[in-house]
Amino acid sequence: MSALRMAAVAAEFGRDLEEDFRIAGRLIEQAREQDVRLLALPEACLGGYLLSLDDAAELDEGPPALALDGSEIRRLAALAGEMTVVAGYCEADADGRRYNSVVCVNGDGVLGNHRKVHQPLSEDASYASGDRFHAFDTPVGRIGMMICYDKAFPESARALALDGAQIGVCVSAWPGARTNAAADLEKDRWKRRFDLFDRARALENQIVWLSANQAGTFGSLRFVGSAKVVDPGGEILADTGVAAGVAVAELDVVQALETARRSMGHLRDRRPETYDLSPGAVSV
């Protein structure tokens, strides 16, 4: 068994794709210098997020739409090299639909891709919705990915864990509260929810959890940062707080999962036959 050095980023990314690649490249190089083998960058780090989550139309044309097999994703893979890198972007499919997506790459190319399933507020005015959660194998272990609001739904992470994910990676552009916002982001109620979801999703599925997030501001949004690495017991191993930064932790993932699941195995001890909510299955 060997330890995996992993990191989750809180950083500010905008609409300028070239600048985003410069930032991503710098973060990848810094991670490489620290012997990081798995790096999670935020949601929409290639091209920026939406300016607002209100019903009003955006004042710009939105993030650039990139093809999964296009030059930009190949560029990200080249930057990653021997490292496994997860990054959010706006994906364009062959039919012209746009998705809020996250890709996992290394120097060999694309290892996995996920399209955001759960869309908050008016996000569905800008993106089509994904329709599945799945785990996939990488050089650093079996990974499952999700985006931001996806983690508010226990079924998302549970589906990944049941598909064998050892590590859950959630990339976000999670802002502070829209009403009654706290002047101090550390006291913001949406930040508390962000942190609670991270710890709960790790604990209930007994998996390692990486949470990356945008930092700073973009349009009307003020992001809570709070990138972190969480162990299978729900304990935070590293955390950036609300400032930009990189949370780095080292853990023997296989051993950590075995230890967490030895006595009380949440996946092993499930009783799925009792969870049937189909019509007629629940007495009123």
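Contact, as used in these legends, means heavy atoms within 4.5 Å. The views show a predicted model, in which local features need pLDDT of at least 70 and side-chain atom pairs count only at pLDDT 80 or more, while totals for chains, interfaces and linings use all residues. Residues are numbered from 1 along each chain as its sequence is written, and side-chain values use heavy atoms, with hydrogens and water left out.

**View 1. Helix α2 and the elements that cover its buried residues.** Helices (H or I, at least four residues) and strands (E, at least two) are DSSP runs, numbered from the N terminus. Helix α2 spans residues 71-80, and I73, L76, A77 and A80 in this helix are buried (under 20% relative accessible area; exposed is over 50% and partly exposed lies in between, with a 1.4 Å probe and protein chains only). These four residues lie on the same side of α2 because they cover an arc of only 100° around the axis, the arc being that of the directions from the helix axis to the C-beta atoms. R74 and A78, on the other side of α2, are exposed. The cover over the buried residues of α2 includes α1 (17-33), β4 (84-92), β5 (98-106) and β6 (109-115).

**View 2. Helix α3 and its packing partners.** In helix α3 (residues 154-162), the buried residues are S156, A157, L160 and A161. Their arc around the axis is only 130°, which puts them on the same side of α3. The elements against which the buried residues of α3 pack are β7 (135-138), β8 (141-147), α4 (189-205) and β10 (208-214). Just after α3, G164 has a positive phi of about 95°.

**View 3. D35 and A44, two residues other than glycine with positive phi.** D35 is found in the loop between α1 and β2 (38-40), and its phi is near 65°. With a relative accessibility of 58%, D35 counts as exposed. A44 lies in the loop between β2 and β3 (65-66), and its phi is near 55°. The relative accessibility of A44 is 3%, so this residue counts as buried.

**View 4. L38 in the largest nonpolar core.** A nonpolar core is a set of buried Ala, Val, Leu, Ile, Met, Phe, Trp, Tyr and Cys residues joined through side-chain atoms within 4.5 Å. The largest such core has 33 residues, and M6, L38, I167 and L210 are those with the most contacts inside it. Leaving aside residues up to four places away in sequence, L38 touches L4, R5, M6, A7, M83, T84, V86, V140, I143, I167 and L210. A second, separate core has 27 residues, including V9, L39, L41 and L76.

**View 5. The hairpin formed by β7 and β8.** Two strands pair if DSSP finds at least two bridges between them. The pairing of β7 and β8 is antiparallel and runs over 4 bridges. The hairpin joins these strands through 2 residues, and D137 stands opposite R142 in β8.

**View 6. H118 and its contacts.** H118 is located in the loop between β6 and β7. This residue counts as buried because its relative accessibility is 19%. When residues up to four places away in sequence are not counted, H118 touches F133, Y149, D150, F153 and S156. Of these, S156 is also one of the buried residues of helix α3.
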